[in-house]
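Subject: Structure handover

Hello,

Here is the structure for your set. My notes follow below it.

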Amino acid sequence: MLKFLFTVAFVAFTYLMPAQAQPVFKGGPEAFNIFIASHLMYPEFSRQNCIAAVIRVSFQVDQGGRVSAVRAEQGPGIDLDEEAVRVIKLTSGKWVVPAGTGTTRIILPVRFTPDYTRCSRLNNGKPVDMNAAILAYQNRQELENAVTNYYSNKYKGTADPAKEQDIIALKKQLGIDDEFLNDVLDQANQKLKQGDQEGACKDWNFIRNTGSTLADTCIAKYCK
């Protein structure tokens, strides 16, 4: 099942311009927090491994309230960074910019807080070693890349068929099965409902590049 995080952000805007009239999210800070809470999805690896973080995200807001140049300035460098950036992109067009104000660069923090009661229970009451969890994520990414690169090359006709059994074994080791891929599919469909076609296509193409056909219909329809 797709997991959502409900208390995810606090607003503490930093403007990288002189203190003048500045862009404001439509409805103010409370509306911003509601928007973030209703759109942000706690990435499954970090949720399962109880990784907490505050991601400092910077972005530009132009005169039309459009958001661009979004990037994580500070974070653990894992899936939490990507999700914070993704959701800030969704705020594009939802900013009110005073007349005469040029493009403004803003930095704000997005907080991810796991369920500490659950985490304590899973970890027998011991503190979570987040550094180890982050390293495990990075190692997993390398193995996932081996899988997706293989199937990407297979579709191009350049993969070595003799290696496919090793890749299938690696998928099993990583838990890339139908249940896992259906969770990714649910996540992609939710992103599409949020208007994030780019994020949905990224997830669908990940599914395809694990050798699955689950997302082929969606790719053909939305990711041309």
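Buried means under 20% relative accessible area, exposed over 50%, and partly exposed in between (1.4 Å probe, protein chains only). Helices are DSSP runs of H or I, at least four residues, numbered from the N terminus.

This is a predicted model: local features need pLDDT of at least 70, side-chain atom pairs count only at pLDDT 80 or more, and totals for chains, interfaces and linings use all residues. Residues are numbered from 1 along each chain as its sequence is written, and side-chain values use heavy atoms, with hydrogens and water left out.

Helix α6 (residues 164–174):
- Glu164, Ile167, Leu170, Lys171 and Leu174 are buried.
- Those buried residues fall within an arc of 115° seen down the axis, so they line one face of α6. The arc is that of the directions from the helix axis to the C-beta atoms.
- Gln165, Asp166, Lys172 and Gln173 are exposed, on the face turned away from the buried side.

Aspartate 196:
- Aspartate 196 sits in the loop between α7 (178–193) and α8 (197–208).
- Its relative accessible area is 9%, so aspartate 196 is buried.
- Beyond its neighbours within four places in sequence, aspartate 196 is in contact (heavy atoms within 4.5 Å) with Arg86, Leu90 and Lys191.
- Valine 87 is 109 residues away in sequence, yet 8.8 Å away in space, C-alpha to C-alpha.
- A polar atom of the aspartate 196 side chain lies 2.8 Å from the backbone nitrogen of glycine 199.

Regards

How values were computed
Helix = DSSP H or I, 4+ residues; strand = E, 2+ residues; numbered from the N terminus. Polar contact = N/O pair within 3.5 Å; in protein donor to acceptor, adjacent residues only side chain to side chain.
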